[in-house]
Amino acid sequence: MRINAYHLLSYFLDRTATEDYICKSYGLTAEQVAAARAYVLNNYATVMDQHIRIEERIAAGNPPEVDKKMEESHAKLLKYKEWLEKRKIAEAEENAGLAREAKDPRFADLPTFKELVTGQKSWPE
C-alpha cells in the first residue's frame with residue numbers, strides 16, 4: 001500500500017496523534033513517519049496550499065450531474081433489490097409447490113431431475 005504525506009497530514013496537524021499511533025494505523029516505521037513529517041515541514045507552503053484546495057473541493061460537494069447520476073444509480077439499486085426479493089418469494093413458493101407435488105401419490109413414481117440427469121432412475125413405463 002502506498003502512503004504519501006497527504007494521507008498523514010491530518011495526523012501531523014492533530015496534536016493528540018502520536019507517532020506510535022500513526023505507525024500502527026498505517027503499518028509504517030518510525031523512520032517513514034519521520035520522513036513524511038520532514039517532507040511536510042520542508043515544503044509546508046506547497047503542502048498546505050494543496051491541502052486547502054483539496055478541502056475546498058470536498059466542501060463544494062459533487063457537481064449536479066454527478067449527484068443526478070448517483071440518484072439514478074441508487075434508484076436502480078433499490079429496484080434491483082425489490083426484484084430480488086420478489087424472485088426469492090417466488091422461488092420459495094415454487095419450491096413449496098414442488099414439495100407438495102413430491103408428497104402427492106400421483107407423482108411418487110416420477111424421478112427427480114437429478115435422478116434423470118445422473119441416470120439413477122428412468123421414466124416409469
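**Exercise 1. Decide whether His51 is buried or exposed, and find what surrounds His51.**

Solution. At 17% relative accessibility, His51 falls in the buried class, because buried means under 20% relative accessible area, exposed over 50%, and partly exposed in between (1.4 Å probe, protein chains only). The model is a predicted one, in which local features need pLDDT of at least 70, side-chain atom pairs count only at pLDDT 80 or more, and totals for chains, interfaces and linings use all residues. Residues are numbered from 1 along each chain as its sequence is written, and side-chain values use heavy atoms, with hydrogens and water left out.

Helices (H or I, at least four residues) and strands (E, at least two) are DSSP runs, numbered from the N terminus. Then list its contacts (heavy atoms within 4.5 Å). Leaving aside residues up to four places away in sequence, His51 touches Tyr6, Leu9 and Leu13. Tyr6 is 45 residues from His51 along the chain, yet their C-alpha atoms are separated by 7.4 Å.

**Exercise 2. Describe how α1 and α3 pack, and which residues make the contact.**

Solution. Two packed helices are described by the angle between their axes and the distance between the axes. For α1 and α3 the angle is about 85° and the axes are 10 Å apart. Axes are lines fitted to C-alpha atoms, for helices over the stretch in contact, and angles run from 0 to 180 degrees between N-to-C directions. The two helices α1 and α3 are therefore roughly perpendicular (angles of 65 to 115 degrees; under 35 is roughly parallel, over 145 roughly antiparallel, the rest oblique).

On the α1 side, the contact is made by Ala5, Leu8, Leu9 and Phe12; on the α3 side, by Val33, Ala36, Arg37, Tyr39 and Val40. Sorted by type, these residues are 8 nonpolar, no polar and 1 charged. Here Ala, Val, Leu, Ile, Met, Phe, Trp, Tyr, Cys and Pro count as nonpolar, Asp, Glu, Lys and Arg as charged, and the others, Gly among them, as polar. As one example, Ala5 touches Ala36, Tyr39 and Val40, not counting residues up to four places away in sequence.
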